[in-house]
Amino acid sequence: MFSRIAGRYDLMNRLMTAGQDRAWRREVIQRAALPPRGDLLDLGAGTGDLSREALQQYPGCRPVTADFTLAMMLAGKQRPESAPLRWLGADALHLPFPDESFDGAVSGFLLRNVSDVRQALAEQRRVLRPGGRIVILDTTRPQRNLLSPLINIHFHTVIPTLGKLITGEGEAYTYLPESTENFLPAEQLAERMLEAGFRQVGFRRRMLGTIAIHWGTK
């Protein structure tokens with residue numbers, strides 16, 4: 001599914017979020033708090049947006065841009081600003097890195113797509129150095145409020161319609177709201193991070209409560 005939408009993935013993200021996804025990615029990299037020349041794992045990297053943002057904020061950092069879907073990385077690799085990136089096919093549940101390889105681990109819209117959240121968190125903690133930070137950007141079930149009907153229309157009507165028009169893949173953008181509704185609420189994901197051994201765990205909701213940025217420290 002992700003291979004089929006790879007060519008228009010970034011455009012759809014801009015449209016679905018009215019461009020807010022760029023600000024969220026900036027915040028993710030800021031919260032990673034990398035040291036000079038720090039090693040960063042960008043997991044579920046897709047087309048590499050977080051890795052490119054990391055190079056903007058920390059010019060000396062060394063991101064590894066890893067994803068399970070090769071077509072997504074191939075689409076991102078075509079962008080001129082992707083030249084410094086190191087691309088790697090990788091399974092988030094079985095990372096091909098030694099223990100304590102990275103100073104930071106970030107992901108954008110990864111965790112709701114893995115089959116085992118606990119294992120994905122454990123693997124990221126394993127490859128982090130002591131004091132290293134994990135930062136997670138993902139969708140989350142919004143809390144019920146007066147805007148809930150409008151949010152439901154956006155999720156179940158606007159996004160699939162846009163997806164079909166822009167990518168020709170309406171099914172893929174029906175999957176987005178379904179996977180969000182079946183994913184852990186932000187509070188439960190924070191609990192899973194604590195169970196995985198992370199400390200100083202916190203999160204912030206964004207975009208009317210439909211997006212959450214989580215962080216923690218090894």
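**Exercise 1.** Leaving aside neighbours within four places in sequence, which residues is Glu100 in contact with?

*Solution.* A word on the model first: this is a predicted model, where local features need pLDDT of at least 70, side-chain atom pairs count only at pLDDT 80 or more, and totals for chains, interfaces and linings use all residues. Residues are numbered from 1 along each chain as its sequence is written, and side-chain values use heavy atoms, with hydrogens and water left out.

Start by locating Glu100: it sits in the loop between β3 (86–89) and β4 (102–108), strands being DSSP runs of E, at least two residues, numbered from the N terminus. Next, list its contacts (heavy atoms within 4.5 Å): Arg126, Val127, Leu128, Arg129, Pro130 and Lys218. Finally, check one of them: Arg129 is 29 residues apart from Glu100 along the chain, yet their C-alpha atoms are separated by 4.2 Å.

**Exercise 2.** Is Glu100 buried, partly exposed or exposed?

*Solution.* Recall the cut-offs: buried is under 20% relative accessible area, exposed over 50%, and partly exposed in between (1.4 Å probe, protein chains only). Glu100 has 42%, so Glu100 is partly exposed.

**Exercise 3.** How are the rings of Phe97 and Phe102 arranged?

*Solution.* Rings of Phe, Tyr and Trp (its six-membered ring) pair if their centres lie within 6.5 Å; planes under 30 degrees apart are stacked, over 60 edge-to-face, and the rest tilted. That rule gives one aromatic pair. In it, the centres of Phe97 and Phe102 are 5.0 Å apart and the planes stand at 90°, so the pair is edge-to-face.

Technical notes:
Helix = DSSP H or I, 4+ residues; strand = E, 2+ residues; numbered from the N terminus.
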